[in-house]
Amino acid sequence: MDRIQLKKIANQIRQDIIEMIAEAGSGHPGGSLSIVEILVSLYFGGILKYDPQNPHWEERDRFILSKAHGAPALYAVLSRAGFFDKSELLTLRKINSRLQGHTDRIKLPCLETSGGALGQGLSIGIGIALAALYQKKDWQVFVLMSDAEQEEGSTMEGMLCAVQYKLNNLVGIIDANRFQIDGRVDEIMGGKTIKERYLAFGWEVIEVDGHSFSELFDAFEKSKTIKKPVCIFANTIKGKGVSFMENKAKWHSGAPNKEEEKFALMELKKEAEGL
Amino acid sequence: MLIENWHQKEKLETKGTRDGFGDAILELGEQNPNIVILCADLAESTRTMNFQQKFPERFFEMGITEQNMALVAAGMALSGLVPFMCSFAVFSPIGNLTQIRASIAYNQANVKIVSSHSGISVGEDGATHQATEDIAIMRAIPGMVVLTPCDFEEAKKMTIAAAKYKGPVYLRFERPKTPVFTKKENPFEIGKAQILKDGKDVAIITCGSLVYEALLAAKDLEKEGIYAMIVNNPSIKPLDKSTILEVAKKTKAIITVEDHQIEGGMGSAIAEFISQNFPVPMEFVGIEDSFGESGQFEKLRAKFHLNSYFIKEKVKQVLKKGRVNS
């Protein structure tokens, strides 16, 4: 798939996110919009092996959204990839929906895991990666974390474990959108030294622009050749693509009102016309 | 149900229930290559060192990262393995509860959470190492199975049953050597209680190695003309509701006995059920809202009112209550 097509998909996913969260009346637009290119490159750029007709296909690669408040982005991507019908997207966060506010694997079995409590996805990924090595399977494991999530002690336990077991089938991706609920990640707790910590713990760190498909693809390609756990540190913009949401901690959670939704969609449609 | 001469305490073999787990997990390892162990720097204490020697490729040392251990176990279970994650109850499940809740239980992941050291019976290490809140915490988690055996033999059967069961299970074993008093051939089934000794006046519903103390108390009470039924209740969740109801109807008085806080423990589980279905007078033997302390475990049991002497006292109290009520 060429870059223009990928950009068109990313744009459509962003429109879906805005519509879903506006319809739900709540959600996490900032951190959903920031991960769109990462998800699109994984699912539509040929990085992940998967089969929407057979979501539990043994040989598939495993993707874990550790920052599960970004669920609207993942749902929009999964439906576009063919795992379920797009019409379901507008049930997000509503009663009896399979699309829970944070991911629920029992309700939506095409997910690898339930999520929502931060700091848990990395070590679940480690468990899956260890199971692959023990069972002599060659699936790859990708875990998408937030930058703020690096504050969790359990994340740091996982950082140790991945290196201890020399996992070369695990890629951790950090959506470094630089904002968390109470403000800037680099001002709240240890956010200035995330990359340094990964390096010190023994990971390979590849820093990219998390909205650049070419940089993301290069990083994923490179990660395959590295015989230790790889952290792709993706610099992103919280709220990317919607001008009034960009770089605003306020839009970590919340829903656009009717007018804001209209404006956001107008901006995104305008962007799409330029592609 | 009981072995011959069960009441001759000094003649009985004594073994830790954790040793029953250690033996069973080794057998299971031979039968099922999907069974793996995660260890938090406690291989010998949790009795997994033999498994480690025999199946090093399936023994995953996690160091003292109990939160990581729970999550790795979840990931392995989601990939078709059957992980047993082993530590002391104060560290796991109490130290990594949010990981167990969100990533094991909510995922319905097939993880077995094993504690080798539970209750004040941990002994000399003192209060930080004596989990007396774990039953309350674990039985409140949706879908969690909570089991604790009365002796070595039951511990073995329980471990095998937990491995066969698909879904999260909490296995609560104990450190000290305690009497082996049940027969090898006794059946064990998740969700089943066993009447070890019949009686008409009161039912003592109990779990863990204190079941033996309850049996001794019942034997003594016979001399005073009080006939206590002893119910071993290893399956705290799911509860054997039909047996508990039958027992309540027959004896019309219940005391519960456990090495755990009274608040929220096995006795609470019985009270929740009985109060809704067939209310009878109840008394509870358990830890009374305090932390434990260092000491030899039998001395601790005496100090914390967890031995046959106090069980007899509670039986008399509940019978008095019954007379007042009627």
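Student: Which residues of helix 9 of chain B are buried?
Tutor: This is a predicted model, where local features need pLDDT of at least 70, side-chain atom pairs count only at pLDDT 80 or more, and totals for chains, interfaces and linings use all residues. Residues are numbered from 1 along each chain as its sequence is written, while chains are lettered from A and ligands numbered from 1 in the order in which they are written. A residue is buried if 20 or more other C-beta atoms, placed from the backbone, lie within 10 Å of its own. In helix 9 of chain B these are Met266(B), Gly267(B), Ser268(B), Ala269(B), Ile270(B) and Ile274(B).

Student: How far does helix 9 of chain B reach?
Tutor: Helices are DSSP runs (H or I, at least four residues), numbered from the N terminus. Helix 9 of chain B has 12 residues, and 16 Å is expected at 1.5 Å a residue. The expected span is 1.5 Å times one less than the number of residues. From first C-alpha to last, the helix reaches 17 Å.

Student: Are helix 3 and helix 4 of chain B roughly parallel or roughly antiparallel?
Tutor: Their axes lie 9 Å apart, at an angle of about 5°. Axes are lines fitted to C-alpha atoms over the stretch in contact, and angles run from 0 to 180 degrees between N-to-C directions. Angles under 35 degrees count as roughly parallel, over 145 as roughly antiparallel. That makes helix 3 of chain B and helix 4 of chain B roughly parallel.

Student: Which helix of chain A supplies the largest share of the side that touches chain B?
Tutor: Contact means C-beta atoms, placed from the backbone, within 7 Å. Chain A gives 24 residues and chain B gives 24 residues. The largest share of chain A's side, 10 residues, comes from helix 5.

How values were computed
Helices (H or I, at least four residues) and strands (E, at least two) are DSSP runs, numbered from the N terminus. A residue is buried if 20 or more other C-beta atoms lie within 10 Å of its own, exposed if 12 or fewer, and partly exposed in between; C-beta atoms are placed from the backbone. Two residues are in contact if their C-beta atoms, placed from the backbone, lie within 7 Å. Angles under 35 degrees count as roughly parallel, over 145 as roughly antiparallel, 65 to 115 as roughly perpendicular and the rest as oblique.
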